[in-house]
Amino acid sequence: MGATLSPTVQEPPLIDLRSDTVTQPDERMRAAMAEAPVGDDVFGEDPSVLALEAHVAELLGQDAGLFCPTGSMANQIGMRLLVEPGQEILTDQRAHVVRAELGAAGAYAGITTRTWTSADGIIYPQGILNMATPDAGPYMVSTVAIAVENTHNFAGGRVQPLPLLRKLSQQARPTLKLHLDGARLWNAHVATGVPLADYGNLFDTVSVCLSKGLGAPIGSVLVSSQGRIGAARVLRKRLGGGMRQVGILAAAGQLALTNINRLSQDHQHAALIAGRVAAVSDAVTASDVETNIVTFDLSGGPGDAASFASRLRNQGVGVSVLGKQEARIVTHLGISTADAEQAGELIARELQAGGW
Ligand SMILES: *Cc1c(COP(=O)(O)O)cnc(C)c1O
């Protein structure tokens, strides 16, 4: 086998902006978990899970939901529902489904991917539709689906504009099916005021994460039609994702949904940091920051992202490295306004000191 990864136990940074996955469940959430009614969810008997699945499906304007341990599993099941082994799905070259799910679409589902490039991460329907080769016969692989990410994580938390999503959906369907990786769809909804269902009903399958900015310790939900979710239960069990008295986690997810509107604070904190940094450095364009993610283009200076991140870590600020000269911060419910101000100050100083 390949390289050995040995996790080392170390203290997280004081102001941890590496990801919005680092949130800790608070006492209210732990209490809700302790009190949750549970049953065997593989038998469909866990009332807390059934309630969460129904609630999320309704929010997104779809018929039914399936609770999954991770967003990666929800995405992979969602795509497999639309694409048979040997068929093709199109997506962005920086999409989580092709960059951060460790080849699962190929390894487990036999799905072929082909990617488009978008400098700002936004979907431009005409170019995408021009790439598609549906019913390509025995000569070329047949395109059957498109996967869209909203917000777009590696494009700096970009919100996909509703008119473009509508255009893509209208022109692609019903020939092509559409999957939405909506890990942070909540952030798009809060940033724009577009109802979640107005996004959800443009797609055939949608995944959303409860464990990012909403603060649940674990959990994602896949939503789609009744029939597809029935098939999804089989696929989930096959992947080892059939969970038993998992209502203790669904209860945390249900409480996490009450945090949707507070995401606007995370967006303000990201804007605050971006504004402070953009005042002294070209590494950030403040107007690019639409939600809770800020990316740093460090190509204008002599150093690399790893040294930038390690110097900030020594000052108590956690930043993640996305590429050789690209770094990212993500705000979340563990970050106060004072934390954001302090982080903005320290990052700005570091950028100046490093020649960015
Ligand atoms: C976090 C994330 C996921 C799911 O990740 P898991 O760690 O598997 O829960 C999916 N898509 C995007 C865009 C993400 O940021």
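**View 1. Crossing of helix α8 with helix α12.** The axes of helix α8 (residues 185–192) and helix α12 (residues 263–278) come within 9 Å and cross at roughly 80°, an angle that makes α8 roughly perpendicular to α12. The model shown here, as in the views that follow, is predicted.

**View 2. Residues at the contact of α8 with α12.** From α8, the residues W186, N187, V190 and A191 meet L263, S264 and H267 of α12. Sorted by type, the residues of this contact comprise four nonpolar and three polar ones, with no charged residue.

**View 3. Length and buried side of helix α10.** Helix α10 covers residues 226–238, and its 13 residues, taken at 1.5 Å a residue, should span 18 Å, which agrees with the 19 Å that separates its end C-alpha atoms. The buried residues of α10 are I229, A232, L235 and R236, and because they cover an arc of only 110° around the axis, they lie on the same side of the helix. An α-helix has 3.6 residues a turn, so residues three or four places apart point the same way. On the other side of α10, G227 and R238 are exposed.

View 4. Just after α10, the backbone at G240 takes a positive phi of about 85°.

Key
Residues are numbered from 1 along each chain as its sequence is written. This is a predicted model: local features need pLDDT of at least 70, side-chain atom pairs count only at pLDDT 80 or more; totals for chains, interfaces and linings use all residues. Side-chain values use heavy atoms; hydrogens and water are left out. Helices (H or I, at least four residues) and strands (E, at least two) are DSSP runs, numbered from the N terminus. The expected span of a helix is 1.5 Å times one less than its number of residues. Buried means under 20% relative accessible area, exposed over 50%, partly exposed in between (1.4 Å probe, protein chains only). The arc is that of the directions from the helix axis to the C-beta atoms. Axes are lines fitted to C-alpha atoms, for helices over the stretch in contact, and angles run from 0 to 180 degrees between N-to-C directions. Angles under 35 degrees count as roughly parallel, over 145 as roughly antiparallel, 65 to 115 as roughly perpendicular and the rest as oblique. Contact means heavy atoms within 4.5 Å. Ala, Val, Leu, Ile, Met, Phe, Trp, Tyr, Cys and Pro count as nonpolar, Asp, Glu, Lys and Arg as charged, and the others, Gly among them, as polar.
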